[in-house]
Protein chains: 2
Amino acid sequence: MRWAVVLAGGVGSRFWPLSSADRPKQLLPLAGERALLVEAVERVLPLVSAERVLVVTSRALAKAIRAALPGVPAANVLAEPFAASTAPALAWATARAAAADPEASVLSLHADWAVGDPDAFRAAAAAALALAEQADVVATVGAKPTRPETSYGYIVPGAPLGGGARRLTRFVEKPDAARAGALIAEGALWNTGLFAWTARRFRAEIATHTPELAGGLAALDRGDADAMYGAVRPVSVDVGLFERTARGAVVAGDFGWDDVGSWAALRRVRRTDAAGNVVVGDAHAVDAKDCVVWSEEGTTVVEGLEGVVVVRARGITLVTTAERAPDLKKLLDRLPGMLAGERGA
Amino acid sequence: MRWAVVLAGGVGSRFWPLSSADRPKQLLPLAGERALLVEAVERVLPLVSAERVLVVTSRALAKAIRAALPGVPAANVLAEPFAASTAPALAWATARAAAADPEASVLSLHADWAVGDPDAFRAAAAAALALAEQADVVATVGAKPTRPETSYGYIVPGAPLGGGARRLTRFVEKPDAARAGALIAEGALWNTGLFAWTARRFRAEIATHTPELAGGLAALDRGDADAMYGAVRPVSVDVGLFERTARGAVVAGDFGWDDVGSWAALRRVRRTDAAGNVVVGDAHAVDAKDCVVWSEEGTTVVEGLEGVVVVRARGITLVTTAERAPDLKKLLDRLPGMLAGERGA
């Protein structure tokens, strides 16, 4: 049977001041009316029943995530003792699926994406699952780039594997704009983090290629997550597995994927007015262009500005530029100590 | 004896959303720690004792203004039945001074200015009073221009009257920048609205030159303000008297005068940080330049912007540009009906 693993551990400081330790990015309705996490789970439900959705998150967030997902069994929300990048999280969740179902195949995704075309998303996910099941590979879905984005990773596809799939040759992480343009010209895809594998193949691959997890495999096999986390080193599945295996494959998809990396991304993933502004809440953009105005409290009026981000939430008003929005952490580091308690948000 | 009349009726919509019908500009601490009105009265107290300070305002504001000025007798706060520009207000207040003191001379000023050099202000005011008393003229103080400001009126001085005073030849209201520059080059001064006259001369001048007030003079003489206001037509003292009289005189002053006409003016009248930002309240300007950030509530952070005005007060956040700040009324006219109740603010 097919399972879905949703990675939902992020703290989302790039959505300060709306995001907080209690309510990080994936629990915010950034792309629509519902939290990104809720949309992520509902997006895969036509492929996988809710009883086979696993969510990996932090202990701090497990309760809120169970509350946000009443259709997902509480035991399916796996609370990591600490964050250790994606490979341990996916190893744990894949082992849980395998314990229930040795023939499990797993689709892995993140809780905090926006997807413009859910049908195309599911078609690509299904293609990756079928490829993983039929060709015994670890598969990744690459999204067709629509711009030379410098905050994404790129996948360079290699030789054809049949059915539109290709060998995975290499990853390029966050190229500059010129390099990104060149990668796109040679057919590179965005590395989305949408992966598929059979539990059996994944277990074999990490045993072979991922020494960072080697010390935890015995604990993993007996279902002792705490012991496993105590014995692994943090590593992403991209670096720890996909960059090392010869059984990597990529299928291309075109489904309006966005990782919603900053306030500025909301102009891509939400409806804009005729002047390109996103306004949420009691917000008004007058003679303004390409602005994001999010008014969680009170009334917010933005006039005569272009490319500005204004967010009012939790007693704090942030006014910055779209260009600086991805670097909110730098801003928080520079603010006085009174805001220190906010920095993990 | 010398009296001071402080005009304090303004509604101050240009300081929305901080200003409101209950707390207009003159009751806000825009230039310092205390309300502009309080600073205006304290500024003249070395010249005039508090018992001889008269304040003209609206009925809606009289109570708040009496509360703000505990040293001024409550009966000295004159509440107009409705606003009718400055000539009726000054006629009423001057008549009140004359009723108590037929030899009164009157200094007239506005409640909502900022003055950088109070000693120089008082010196100029005293010179205007002395001129009015000794030369039997209606005197105005012109401020030496420091920039070709287009939102001010200009006074063109004429022939010398002795003691540094000159005949008042004409007013030029709100010239464009080129004309303002030419006026400054020929020695024109800013029309501040700081005036001086004897009660006797003023009464004679308005009887001769101000037909808008003619119907109200009898009521004025018997101290019936309601009847007077019911019988006059609105007119400013500039137009209704100074532009028509041959007994107008002007003395120049240089005292850092500012009419605090908009949020942008705060950069001139308040202390700025090294990057030219004014920050008030729990406000933070990071990599920002020439911004005004006023945080009456909560925390406000402005990053990476230049020449922006951000105000948070009364549940409303305004983000606009310094250039547009003087035109806040236009913005309020364009906002949805939900803000209609705010428009008188």
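Domain bounds come from an automatic or database domain assignment. On that basis, chain A is divided into domain 1 (2-258) and domain 2 (263-342). This is a predicted model, in which local features need pLDDT of at least 70 and side-chain atom pairs count only at pLDDT 80 or more, while totals for chains, interfaces and linings use all residues. Residues are numbered from 1 along each chain as its sequence is written, and chains are lettered from A and ligands numbered from 1 in the order in which they are written.

**Chain A as a whole**

- Chain A has twelve helices and 15 strands, where helices (H or I, at least four residues) and strands (E, at least two) are DSSP runs, numbered from the N terminus.
- The C-alpha atoms of chain A occupy a box of roughly 60 × 45 × 35 Å along the principal axes.
- The radius of gyration of chain A, 20 Å, agrees with the value near 20 Å for a compact globule of 345 residues; this radius is taken over C-alpha atoms, and the globule rule is 2.2 Å times the number of residues to the power 0.38.

**The two domains of chain A**

- The centres of domain 1 and domain 2 of chain A, taken over C-alpha atoms, are 29 Å apart.
- Twelve residues from domain 1 of chain A and 18 residues from domain 2 of chain A take part in the contact, which requires C-beta atoms, placed from the backbone, to lie within 7 Å.
- The side of domain 1 of chain A that touches domain 2 of chain A has seven nonpolar, three polar and two charged residues. Here Ala, Val, Leu, Ile, Met, Phe, Trp, Tyr, Cys and Pro count as nonpolar, Asp, Glu, Lys and Arg as charged, and the others, Gly among them, as polar.

**Helix packing in chain A**

- Helix H3 (residues 86-100) and helix H6 (residues 199-209) of chain A have axes that come within 9 Å and cross at roughly 140°. The axes are lines fitted to C-alpha atoms, for helices over the stretch in contact, and angles run from 0 to 180 degrees between N-to-C directions.
- This angle makes H3(A) oblique to H6(A), since angles under 35 degrees count as roughly parallel, over 145 as roughly antiparallel, 65 to 115 as roughly perpendicular and the rest as oblique.
- A:Ala91, A:Thr94, A:Ala97 and A:Ala98 in H3(A) meet A:Ala199, A:Phe202, A:Arg203 and A:Ile206 in H6(A).
- Six nonpolar, one polar and one charged residues form this contact of H3(A) with H6(A).

**Between the chains**

- The contact takes 24 residues from chain B and 23 residues from chain A.
- On the side of chain B that touches chain A, eleven residues are nonpolar, nine polar and four charged.

Note on methods
Contact = placed C-beta atoms within 7 Å.
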